[in-house]
Amino acid sequence: MIQIRVRKSLLMASGKTELAVDFNLEAGSFCTLYGKSGAGKTTILKILAGLIQPDEGFISVNDEVWLDTGKNINLPPQKREIGFVFQDYALFPNMTVRENLQYALNGKTDKNRIDDLLERAALQQLAHRKPLTLSGGQQQRVALMRALVRKPQILLLDEPLSALDLEMRQTLQTEIYGLHQSFHTTTLLVSHQLSEIYRLSDFIISLENGKIMAQGTPAGVFGRERLSSKIQLIGEVLSIRENGVVYILDILVGNNIIKTVTTAEEVQGLQPGDQVKVSAKAFNPIVQKL
Amino acid sequence: MIQIRVRKSLLMASGKTELAVDFNLEAGSFCTLYGKSGAGKTTILKILAGLIQPDEGFISVNDEVWLDTGKNINLPPQKREIGFVFQDYALFPNMTVRENLQYALNGKTDKNRIDDLLERAALQQLAHRKPLTLSGGQQQRVALMRALVRKPQILLLDEPLSALDLEMRQTLQTEIYGLHQSFHTTTLLVSHQLSEIYRLSDFIISLENGKIMAQGTPAGVFGRERLSSKIQLIGEVLSIRENGVVYILDILVGNNIIKTVTTAEEVQGLQPGDQVKVSAKAFNPIVQKL
Amino acid sequence: MNLDWQPLWLTFKLAGITTFLLLLLGLPLAWWLAHTRSRVKPIVEAIISLPIVLPPSVMGFYLLLAFSPTGFPGSFFSDVLNVPLVFSFTGLVVGSVIYSLPFMVQPLQAGLESLPNSLTEASYTLGRSKTETLFRVLLPNIRPALLTGTVLSFAHTIGEFGLVLMIGGNIPGETRVVSIAIYHEVESLNYGSAHVYSLVLLVLSFLILLTVYLVNKRLVKTL
Amino acid sequence: MNLDWQPLWLTFKLAGITTFLLLLLGLPLAWWLAHTRSRVKPIVEAIISLPIVLPPSVMGFYLLLAFSPTGFPGSFFSDVLNVPLVFSFTGLVVGSVIYSLPFMVQPLQAGLESLPNSLTEASYTLGRSKTETLFRVLLPNIRPALLTGTVLSFAHTIGEFGLVLMIGGNIPGETRVVSIAIYHEVESLNYGSAHVYSLVLLVLSFLILLTVYLVNKRLVKTL
Amino acid sequence: QKIRVAVAANAQFVAQVLKEAYEKETGTTVDLVIGSSGKLATQIEQGAPFDVFLSADTFYPNALHRKGLTMGKPQVYAYGTLVLWTTRNLDLKKGLALIKDTGVKKIAIANPQLAPYGAAARKALQHYGLEAIAQPKLIFAESIAQVNQYVLSGVVDLGFTAQSVVREPANVGKGKYRPVDPTVYPPIAQSTVVLKSAGRRNLAQAQQFYKFIFSPRAKLIFKKYGYYYK
Ligand SMILES: Nc1ncnc2c1ncn2[C@@H]1O[C@H](COP(=O)(O)OP(=O)(O)OP(=O)(O)O)[C@@H](O)[C@H]1O
Ligand SMILES: Nc1ncnc2c1ncn2[C@@H]1O[C@H](COP(=O)(O)OP(=O)(O)OP(=O)(O)O)[C@@H](O)[C@H]1O
Ligand code: MOO
Ligand SMILES: [Mg+2]
Ligand SMILES: [Mg+2]
């Protein structure tokens with residue numbers, strides 16, 4: 001089990017705010033940190049990694065104390081058994097893929113591990129290439145494998161997928177999940193992406209202004225209203241056109257336009273640009289794979 | 001009427017592409033240029049403004065020829081009666097709001113115009129402030145008013161609203177449309193935003209890779225399938241859970257999650273991450289203003 | 001010790017005139033370098049930067065040849081304009097302008113290159129010419145770069161020594177600037193005066209640099 | 001005309017040793033400046049940059065006082081180490097290191113500051129120490145800045161004149177570097193030798209700068 | 001009313017006294033430019049705007065004369081004396097033989113190519129056959145002035161300078177000196193000349209100063225500083 005309890009004052013654009021969180025993670029669980037930009041997600045990851053010093057705090061990982069400001073215990077990042085995947089990947093441009101992985105080797109680590117990891121991520125063919133010549137997805141894989149070389153107890157992933165396109169994102173989601181399971185690491189992912197969170201996480205922490213607003217399972221945090229066979233969408237009115245006695249309403253939901261016929265009363269008070277909630281009771285949709 | 005026919009080879013990241021467009025705009029119309037990043041939208045605006053030279057082309061505005069590469073006619077930007085609102089606003093940081101507007105004055109322009117324009121945009125209170133001390137929306141207004149000082153025949157707007165939040169965007173949409181109508185300019189807007197396009201435009205030009213893919217009214221270009229009282233949404237499967245004999249499917253549409261109950265057959269072949277089309281026939285939604 | 005203040009006054013006069021001329025000359029040059037896509041740009045940049053790495057004695061030697069009344073443009077200046085270039089204040093001004101040129105051009109160029117293109121374009125679409133755009137839009141918005149260029153050119157001209165020694169000599173009131181005066185005082189065993197002059201320059205140089213670094217943490221690096 | 005090649009050889013030896021020492025000294029300094037949040041940073045930066053604006057005669061005067069066997073550290077060097085600092089190659093090396101310091105530190109500092117922080121952090125999380133990070137990650141990735149710093153320090157040391165004139169003493173084979181040799185040849189009216197020396201330096205300096213500008217369009221500006 | 005006089009470095013202190021005397025007498029301002037004789041001659045040749053040239057020898061003024069840069073022929077205004085000067089605790093009675101001393105590590109000498117006093121010092125060394133021993137110890141100063149500076153700051157152990165330097169009141173008591181035997185080097189015949197460049201501006205004042213240098217009053221001053229006449 002991993003226990004984290006830290007406090008640090010942050011300098012935000014809007015002034016000072018206090019980051020103050022206290023949470024536990026099950027060993028082997030997959031947890032997602034979720035929250036607006038500037039909420040303090042990256043800061044939490046870096047505090048865990050020892051890259052940022054909190055003003056006060058306690059961190060223990062599987063009964064080993066990494067940080068205890070009360071007792072002046074503070075392991076340097078080098079001694080904490082973590083794997084960190086940075087948002088910009090932070091691959092060393094001067095080294096090949098293999099060298100990037102080898103850089104993390106220390107005496108104790110088995111050298112065959114590099115080959116295993118390269119094979120695991122289907123990177124053998126690219127082992128002699130420099131990172132800048134790789135695609136975003138390939139770079140991401142290298143960063144992930146590099147973070148695993150030292151057999152970390154915790155894997156920290158800072159929005160690793162946000163720069164990738166949909167298809168690549170899905171492939172890598174599967175891969176991250178697979179790695180998480182086969183290496184039995186505890187994984188802490190920062191993500192903005194609802195679908196990512198849903199697919200991967202056992203546990204969600206929702207952060208706002210440095211404080212935890214909610215934590216629990218994805219369904220618990222997001223899916224409060226259980227509306228089986230009910231639909232509820234938020235959209236924006238694009239246009240309202242008269243068509244005989246009825247009105248045709250164009251509503252934008254995401255990038256979809258819903259056209260719906262409404263009565264004059266319903267339309268009253270509505271104008272283009274208004275945010276509306278669209279809900280339907282007897283909704284029985286047909287779902288087709290694209 | 002405004003006629004544009006230009007050709008220019010562009011240096012894209014992916015290699016060379018030819019920008020080749022040919023379109024006419026009604027005097028006084030509100031036209032939107034729509035297309036992916038790098039499609040050539042800004043380039044078209046700058047060619048119209050005389051800021052970029054096309055390899056070949058012809059531009060005439062209300063029977064005055066601005067560009068005719070065949071006859072070596074090429075008015076400099078200073079002589080073209082245009083108002084240009086840049087994506088970054090391009091307000092002069094060293095001048096106050098009033099000075100920014102005054103900068104555009106020439107002998108012929110009536111000096112009261114500055115006050116009129118400031119009043120029109122409710123900027124009198126801010127007239128003595130420097131642009132960097134203003135909010136995004138206020139800056140946008142100043143840029144818009146500055147572009148109108150010289151009574152342009154064409155108003156060119158390069159994604160003026162994309163940096164603003166939803167509320168501000170809607171206010172300014174209304175304002176732009178109002179200005180367009182009261183000053184009788186022909187307006188050419190670059191936008192990514194579907195709702196913006198719907199609300200404002202008489203005419204849409206959809207651009208891809210430097211070529212026009214479609215043009216016409218918004219409904220004509222986007223709303224090909226008229227499905228009154230029918231809903232069709234594109235979403236992504238988040239999770240599939242067994243619940244007795246049925247399956248509960250969470251589908252993400254925009255930022256909305258649709259929960260729907262499906263049968264085992266329907267679920268077959270589906271897995272989290274799949275893109276799906278959700279459609280319903282007898283859809284009779286309730287629309288409520290938020 | 002009675003100190004002769006003339007070398008200090010002469011030095012500031014030289015630095016002032018040089019800096020003024022460098023502004024006139026450096027601005028169009030920097031503007032051109034910031035906007036050109038010409039292939040010769042790196043060559044021009046290298047030539048402008050030469051004084052940073054060239055020994056003052058090399059520059060002094062070539063200037064001496066060019067300035068001598070038998071060379072060009074020395075003959076023109078001395079015969080036609082009746083203003084000799086060697087061992088004269090005018091000659092020092094010409095030499096200093098060449099010597100401090102990179103210290104003016106490089107910050108200005110970096111400043112202009114850092115401004116978004118849209119400011120220039122906006123000014124054009126508002127009906128303003130290139131010159132108006134330069135003076136009313138671009139320059140007021142690269143004030144830190146202008147400060148850096150001006151201050152560094154001024155300071156670097158004050159710091160000139162080898163070049164003045166070769167083309168200026170040590171003529172009181174004409175070419176005896178303070179860096180030369182220090183050398184001269186040291187040789188004449190007047191350590192007292194040398195100390196005063198040196199201290200003035202040391203304090204001044206340090207304050208100038210500190211101002212630049214404080215006002216403008218980045219821009220001195222654009223040199 | 002029979003030309004003495006020794007001053008050229010001596011100059012390159014001086015520039016080479018100085019550049020090497022500057023790498024050793026400039027690197028930790030640049031690293032500290034790039035990472036510190038200390039308030040004294042602008043002061044340290046101003047002190048390091050002083051040689052750019054300070055007249056060589058001021059620096060020469062103070063070095064002369066410091067180097068003299070009655071001053072410090074001159075007494076230490078001459079009495080304890082038995083390596084005098086005035087009129088010796090060692091003294092020139094020490095002077096040159098001070099004189100060219102900003103030309104090494106500033107590009108390195110700019111280079112280090114331009115690297116994303118995450119590279120350093122990644123290296124730490126992979127179990128590597130600060131030193132290993134510096135040498136295996138940071139330095140290999142600021143090679144253009146290293147090139148610029150090295151080349152400019154080298155070139156600027158070659159261009160040293162006023163300082164050597166004051167603390168060198170024009171001793172053939174010991175302190176008579178080429179910039180001094182040119183000065184003396186010109187004074188002795190041996191224009192022939194002066195031409196050869198000057199041409200060698202001019203061509204060399206130009207090629208050095210052109211290389212920097214071509215290889216690395218931005219980084220010379222980081223000076 | 002201003003003239004510019006180029007003065008060989010050995011005479012810088014005496015020239016200062018002459019300048020003050022002359023200024024009082026005539027009201028003409030005299031600006032002194034100090035340097036080695038050779039450097040000053042070169043500068044004159046390159047067009048430096050000097051009116052009168054006080055050299056440390058006859059060679060440079062004659063060379064300028066041959067090139068047509070002077071008004072009239074140069075004339076000797078005084079003879080100079082070479083001295084050994086030190087701030088160390090050395091036994092100057094040994095004379096030049098001191099150079100062999102292991103305690104004497106650095107010896108300042110004006111650049112013989114440009115400074116007549118340097119040339120004289122070298123001649124003296126040659127006379128005693130000390131050249132080879134001295135060679136590694138020699139520091140070549142730009143002029144006598146730089147020699148003085150090196151001696152006084154203690155960066156050299158020994159220096160060859162002019163007697164007029166050590167007779168300067170400000171320098172009296174700073175270290176010890178001893179004249180070099182005048183028979184071991186050729187007499188230092190210092191000559192002066194009015195320059196053509198004065199013609200354009202202030203020939204009359206220049207010629208008046210030139211005359212002043214040969215006046216009894218000036219001769220007295222020169223003698224006081226250790227120069228001699230034949
Ligand atoms: N070392 C630090 N000390 C104090 N404040 C800091 C420190 N590092 C970052 N901050 C501030 O803390 C706030 C939170 O930053 P953080 O990077 O953790 O946000 P985030 O949730 O990761 O946002 P994003 O989604 O944009 O990455 C920011 O306002 C930042 O300015
Ligand atoms: N002057 C020019 N000459 C040649 N190619 C250019 C020129 N200016 C831009 N390009 C290229 O033309 C392409 C189209 O650029 P443009 O800015 O018009 O795209 P856009 O549709 O406005 O994209 P975005 O939505 O990102 O603003 C880009 O790949 C760009 O590199
Ligand atoms: O007075 Mo001299 O010319 O330095 O020997
Ligand atoms: Mg973050
Ligand atoms: Mg664009």
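How many nonpolar, polar and charged residues does the shell around ligand 1 hold? The count comes to four nonpolar, seven polar and four charged. Keep in mind through these close-ups that the model is predicted.

**View 1. Ligand 1 and its shell in chain A.** There are 15 residues around ligand 1, and Ser37(A), Gly38(A), Lys41(A), Thr42(A) and Thr43(A) are the closest. Zoom in on the oxygen atoms of the ligand and you'll find a polar side-chain atom of Lys41(A) at 2.8 Å, and an N or O atom in the side chain of Thr43(A) at 2.5 Å. On its own, ligand 1 would expose 650 Å², and the protein buries 69% of that. Two elements of chain A give two or more residues to this shell, namely strand S1 (2-12) and helix H1 (41-49). S1(A) provides the largest share, with five residues.

**View 2. Chain A around that site.** Of the 290 residues in chain A, 53% are buried. Look at contacts in chain A with a separation of 6 or more, and 64% of them link residues 24 or more positions apart. The chain exposes about 13,000 Å², with carbon and sulfur atoms supplying 47% of that area.

**View 3. Ligand 3 in chain E.** The residues surrounding ligand 3 include Ala8(E), Ala9(E), Ser36(E), Ala56(E), Pro116(E) and Tyr117(E). By class, the shell splits into seven nonpolar, four polar and no charged residues. Oxygen atoms of the ligand pair up with side-chain N or O atoms at 2.7 Å for Asn10(E) and at 2.6 Å for Ser37(E). A polar backbone atom of Ile144(E) is 3.0 Å from an oxygen atom of ligand 3.

View 4. Gln163(E) counts as buried because its relative accessibility is 10%, and the cut-off for buried is under 20%. Skip the neighbours within four places in sequence, and Gln163(E) is in contact with Thr81(E), Val83(E), Tyr177(E), Pro179(E), Tyr225(E) and Gly226(E).

View 5. The unreviewed UniProt entry applies "transmembrane region" to residues 12-34, 46-65, 85-105, 145-167 and 196-215 of chain C. In the model, residues 12-34 are 100% helix and 0% strand, with the end C-alpha atoms 30 Å apart. Residues 196-215 also come out as 100% helix and 0% strand, with 28 Å between the end C-alpha atoms.

Definitions and conventions. Residues numbered from 1 in each chain as written. Chains lettered and ligands numbered in written order. Predicted model: local features only at pLDDT ≥ 70, side-chain atom pairs only at ≥ 80, totals over all residues. Heavy atoms only, no water. Near = heavy atom within 4 Å. Polar contact = N/O pair within 3.5 Å; in protein donor to acceptor, adjacent residues only side chain to side chain. Nonpolar A, V, L, I, M, F, W, Y, C, P; charged D, E, K, R; others polar. Buried < 20%, exposed > 50% of the residue type's maximum accessible area, 1.4 Å probe, protein only. Contact = heavy atoms within 4.5 Å. Areas by Shrake-Rupley, 256 points an atom, 1.4 Å probe, with all protein chains shown as cover. UniProt positions renumbered as here; feature names shortened; annotations may be inferred. Helix = DSSP H or I, 4+ residues; strand = E, 2+ residues; numbered from the N terminus.
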